[in-house]
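Hi everyone, thanks for coming. Let's have a look at today's protein together.

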Amino acid sequence: LPHDADVLVRRAYSEDPAAQRAGGLDWTQIRTNDAKRFGGRVELAQSASLCGPKASLTTGPMPDVGSREALMRKNAWTEQEAFDAARVRDAEESFEVILLKEEHGTFSSVREDSSLADACLTEHAELTWPQARELAKDRIRLPQKVVTRSLQDADARDHRIRSILDELEAQGVPFVHAHRLLRGELVLRMDSTLTARLGDFTLRYSPVLGLTATAEPTERPDHA
């Protein structure tokens with residue numbers, strides 16, 4: 001109720017009672033891990049940041065190269081990988097895909113207002129430029145949890161990312177890769193209900209909610 005809002009907000013942001021409400025979680029360890037992750041992101045950002053003009057005059061054109069080299073040694077990165085890691089936007093790993101509705105071996109747009117909503121494109125169709133531009137509008141970013149599965153271990157995350165990427169590349173459609181505008185794009189094939197399976201998630205597209213993902217329960221082995 002409205003009059004409960006003040007009390008609930010204060011309780012949610014109060015640090016002392018948080019450990020008591022954490023359901024048995026080690027609140028101190030959670031904070032330590034979070035601070036470590038944040039520190040790593042700051043370190044990465046600093047290694048790729050530009051200094052001010054005055055600092056450039058005294059420390060040289062690349063004053064942070066030492067920290068970049070340290071990151072390369074720490075992560076066993078090549079120089080190119082270190083520069084690739086210097087993102088403009090610090091965000092979790094994910095992929096953009098073009099959604100295609102597949103029915104009876106033909107493809108169309110998932111958007112009802114698209115000029116290709118009722119198209120019956122075969123796999124080897126030759127797209128016109130207007131058609132390619134229209135399909136480019138069906139590009140959407142996968143929910144981050146589908147790609148990284150909230151994994152904290154770097155090796156596990158890398159394995160997960162490669163696995164999802166392999167699944168998407170296996171869904172490639174010839175007419176997408178054949179057109180210069182769409183070449184290199186990833187495709188997610190959806191059925192007539194605009195549903196697809198990727199990894200251990202079921203994805204659904206809605207013009208209202210966009211692309212949503214639901215984790216499927218892990219199958220347990222039968223016991224005698």
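So, which residues have the most contacts inside the largest nonpolar core? They are Phe95, Leu99, Leu142, Leu168, Leu188 and Leu203, and that core has 21 residues. A nonpolar core here is a set of buried Ala, Val, Leu, Ile, Met, Phe, Trp, Tyr and Cys residues joined through side-chain atoms within 4.5 Å. Among the elements that give two or more residues to this core are β1, α8 and β6. There's also a second, separate core of 16 residues, which includes Leu135, Val173, Val176 and Val187. As a rule, nonpolar side chains tend to be buried together in soluble globular proteins.

Quick housekeeping. This is a predicted model, where local features need pLDDT of at least 70, side-chain atom pairs count only at pLDDT 80 or more, and totals for chains, interfaces and linings use all residues. Residues are numbered from 1 along each chain as its sequence is written, and side-chain values use heavy atoms, with hydrogens and water left out.

Now the overall picture. The protein has 9 helices and 7 strands; those are DSSP runs numbered from the N terminus, helices being H or I with at least four residues and strands E with at least two. Of its 224 residues, 29% count as buried, and buried means under 20% relative accessible area, using a 1.4 Å probe and protein chains only.

Let's zoom in on Leu203. Leaving out residues up to four places away in sequence, Leu203 touches, among others, Leu142, Val146, Leu188 and Leu211. Touching, or contact, means heavy atoms within 4.5 Å.

Next, the sheet. Three strands form an open sheet in the order β5-β6-β7, with antiparallel pairing. β5 and β7 are the edge strands, each pairing on one side only. β6 and β7 pair over 6 bridges, and Thr202 has Thr214 in β7 as its bridge partner. For two strands to pair, DSSP has to find at least two bridges between them.

Over to helix α6, residues 129-136. Ala132, Glu134, Leu135 and Ala136 are buried there, and the buried residues of α6 pack against β1, β3 and α9.

Definitions and conventions
Buried means under 20% relative accessible area, exposed over 50%, partly exposed in between (1.4 Å probe, protein chains only).
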